[in-house]
Amino acid sequence: MEKNRNGENSQNRQRRSIPAVDFSQQEEHPKKSREIAPPASSALKNGNARRQSAPKFSNNKMLKAVLRPLSSVLIGLLVVVLVSFIGFRYAVSHYFSPVDENSTQEIEVIIERNDSLGEISKKLEEAGVIRNHTVFKYYVDFSDMSSKLLAGKFTLSPSMSFDDIISILKRPSAAADTTRLTFAEGITIEGYGKLLEKENIFKNSEMWKDIAKTGQGYNEKYSFIQEVIDKQNSSEKKRNYILEGYLFPDTYEFYLSSNETQIIDRLIAQFDRVFTEEYRARAEELGMSIDDVVTLASIIEKEAKTDDFKKVSAVFHNRLNSDMPLQSCATHQYFMPVKKIAYNSEELQVDSPYNTYLYGGLPAGPICNPGKAAIEAALYPDEAYLNGGYLYFCLGDPNTGETVFAQTYEEHLRNQAKYKPLWDAYDREHAS
């Protein structure tokens, strides 16, 4: 029994120690395991790789989402800059740049004193020194240089830039071109204005007349102007222009850029030189003010030819000394709308402080700007006529300008009757 158990145990041990194995399956199974299941470390790596690849894909997508609109903006800006640059280059080459940088041509351009900026710009374009007058006009405006441009004759070139041209147009030495004007003796304030307009010194003479009317600014420098202003303020006879009589007629050379005050300065300064200390002393000797002398000289200037000035002066001195009205047709012509030799009785009654038929003594003020000869005649009348008691004169033949004198009224009436048909004929033809 024991033996059997031992034998059985032995067999059992043998059975347990040598189990039945299917070697073909064991050979195949490990292979299959190696093919399908990777090593643990490899599996971990693959797992980590999968976990890492997911965020990488997400970041790229976000970056593209940001860069796409940004790149569009940058491209748009680049296009704008490029177009602006091209436009700028085009504008510079077609409008702002010199017409011909290599040109050595010199072109004279005359800018009148009354030319507007638009007119100046067109002149420059027509002369060929700028490309486009409108662009130049706006360039000057934006540069705040329009008020600094001067009148004159300028030498310019197609090689000049806008800044070069502006620099020359505002430089007084470059604008130092002058015009020569002769003002005839006997010219009035308004006559000056018309002539200066005609010569393109003034566009209009309104400011000229305004300054002449008040004389303000000249009374501080010239005492005789202050005396006129004082007389104007105190007298019932009001004159038209304070400066009438004091703008000395002569030949002058003016810059084309001269303004009203610059021209008046020249004319008054010349009067001050002409009316010497000798003249002032002589006026005092006669009991006359400078204004009295100038007023009388202005009437003499208008009444006769130069050769007769001193004789006419003697007649007026005699009448003033005899308290007789001057009865000068010349003073009448100053205020009457129609200028003629002989006025009828009704016209002679027109009220005016310049009417020497109605009012005794000298008129309100000078009726023109007399020359030196008339001033001298007022100061130094003809002694023979002064002492001879001549009180009358009249115009003879208006075509020759002769003056006929008389000592008595009867003689004067005969002279008038003799020449009146000639006066009437002349007035019909020339009265204005």
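In this predicted model, the loop between α13 and α14 holds Q327. The phi of Q327 is positive, near 50 degrees, even though the residue is something other than glycine. With a relative accessibility of 38%, Q327 counts as partly exposed. The loop between α13 (309-321) and α14 (329-335) is also where D323 turns up. D323 is not a glycine either, yet has a positive phi of about 55 degrees. Its relative accessible area is 74%, over the 50% cut-off, so D323 is exposed. As background, most residues other than glycine have a negative phi.

As for α4 itself (residues 117-127), its buried residues are L117, I120, S121 and L124. They span an arc of only 100 degrees around the axis, and so sit on the same side of α4. In an α-helix, residues three or four places apart point the same way, because there are 3.6 residues a turn. The partners that the buried residues of α4 pack against are β1 (107-111), α5 (133-142), β2 (152-156) and α6 (162-169).

Then there is a pair of packed helices, α8 (residues 206-214) and α10 (residues 260-274), with axes 10 Å apart and an angle of about 50 degrees. The two are therefore oblique to each other, and their crossing is right-handed. On the α8 side, M207, W208 and I211 make the contact, while α10 brings in E260, T261, I263, I264 and L267. Sorted by type, the residues of this contact come out as six nonpolar, one polar and one charged.

Key: Residues numbered from 1 in each chain as written. Predicted model: local features only at pLDDT ≥ 70, side-chain atom pairs only at ≥ 80, totals over all residues. Heavy atoms only, no water. Axes fitted to C-alpha atoms, helices over the stretch in contact; angles between N-to-C directions. Helix = DSSP H or I, 4+ residues; strand = E, 2+ residues; numbered from the N terminus. Parallel < 35°, antiparallel > 145°, perpendicular 65-115°, else oblique. Left-handed = near helix turned anticlockwise from the far one by under 90°. Contact = heavy atoms within 4.5 Å. Nonpolar A, V, L, I, M, F, W, Y, C, P; charged D, E, K, R; others polar. Buried < 20%, exposed > 50% of the residue type's maximum accessible area, 1.4 Å probe, protein only. Arc of directions from axis to C-beta.
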